Each structure stands twice: as C-alpha cells, then as structure tokens.
Amino acid sequence: MDIQHLYNALQNQERPLTPKTIKNVHGILHKALQQAVELGYLRSNPSDPCKLPRVEKHEIQPLDEAATKEFLKAIRGHRYEDIYLVTLFTGMREDEVLGLSWRHVDFVLGNIIIAQQLQYKRGRGEYIITSPKNSKRRTITPVLFVMDILRRVKV
C-alpha cells in the first residue's frame, strides 16, 4: 500500500509527474525489489499489485500544406536550413538526423540507412553515438531533392 500511495502522490502533487515518468519510477523500484526477492530478503515483490496511471501515446500531427510553406519560408537562408529540410522531408527523428554519417547515405541507390543516432547524456555531459530508438536499422528512400541536398553538403 505504501508503494501505491507513493505512485498516487507522484501523480497528485502540485506539479504532477507524467504517467511515463511514474512508470519509469516503478520500473526502477520493481527491479530493486525483485532483486531482494531473488536474494531471499522478501517472499514476493510488493510492487507487483500496484496500479499505474495509463500512458497515453499522443498522435503525431504532421504539418499541413500551409504550415509547411510557412516553415520553409522561415528557414530559408538559415545556417541549419539543410538539416531542417532533410528532417522535414524524410521524417527522421532529430537524434537520427544528427547521428547520420556518410557511410549510411547511398547516393547510387538513393537510400539512407538509419543505423545510429546522436544522444546527449546529461549525467556525463557528453554526446554519444548509439543505436536507433528501437534498436532496429531501417532504410528510407527520400525524394531526389533530399539526396541532392546531401550530395551538395558532402561536396
């Protein structure tokens, strides 16, 4: 009951934590208590029966035609215009675009292989290259316009 009260308090405080964050707290606590069970300190994991708030996935709202035109106008001439254009027209995540390397761009076939991403590790204060979000490589075939941008940037 104490653990359930903790989760409820995290959700009902003045600045409530998101359901995803509460789920992460539960994951850490559950793992620690499971270790205590395996070592024989507890007979069962007291966090097992706890009810967690539902994590709702928000549907992505892509830019409509008017918003896309406005965005393109706003980035024209910006120093990161090429990165913005590649991101907009490929659907790659920010970390994936920033982790893109030339060995993953196939100009002959016109493909981009998403095989890594750039992540900032707050605790260490450094950037590292890691596998993609779901740890699976994927190949995308962007419009020729995007490949032309990448070709120009490489030169």
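1. **Ground rules.** Because this is a predicted model, local features need pLDDT of at least 70 and side-chain atom pairs count only at pLDDT 80 or more, while totals for chains, interfaces and linings use all residues. Residues are numbered from 1 along each chain as its sequence is written, and side-chain values use heavy atoms, with hydrogens and water left out.

2. **The sheet.** Start with the open sheet of three strands, ordered β1-β2-β5 with antiparallel pairing. β1 and β5 are its edge strands, each pairing on one side only. Strands (E, at least two residues) and helices (H or I, at least four residues) are DSSP runs, numbered from the N terminus. Two strands pair if DSSP finds at least two bridges between them. In general, strands of a sheet pair through backbone hydrogen bonds, either parallel or antiparallel.

3. **β1 with β2.** Strand β1 covers residues 105–106 and strand β2 covers residues 111–114. Their antiparallel pairing has two bridges. Asp106 has Asn111 of β2 as its bridge partner. The hairpin of these strands has four residues between them, and Gly110 takes a positive phi near 75° there.

4. **β2 with β5.** Strand β5 spans residues 138–140 and pairs with β2 over three bridges, again in the antiparallel sense. Look at Ile113: its bridge partner in β5 is Thr139.

5. **Asn45.** This residue sits in the loop between α2 (19–38) and α3 (65–75). Asn45 is buried, at 4% relative accessible area. Buried means under 20%, exposed over 50%, and partly exposed in between (1.4 Å probe, protein chains only). Beyond residues up to four places away in sequence, Asn45 touches His30, Leu33, Gln34 and Val37. Contact here means heavy atoms within 4.5 Å.

6. **Polar partners of Asn45.** The side chains of Asn45 and Gln34 make a polar contact at 3.2 Å. A polar atom of the Asn45 side chain also lies 3.1 Å from the backbone oxygen of His30. A polar contact is a pair of N or O atoms within 3.5 Å; within protein, one must be able to donate a hydrogen and the other to accept it, and residues adjacent in sequence count only if both atoms are side-chain atoms.

7. **Tyr84.** Helix α4 (residues 81–90) holds Tyr84. Tyr84 counts as partly exposed because its relative accessibility is 31%. Leaving aside neighbours within four places in sequence, Tyr84 contacts Phe71, Ile75 and His78. Val97 is 13 residues from Tyr84 along the chain, and their C-alpha atoms are separated by 9.3 Å.
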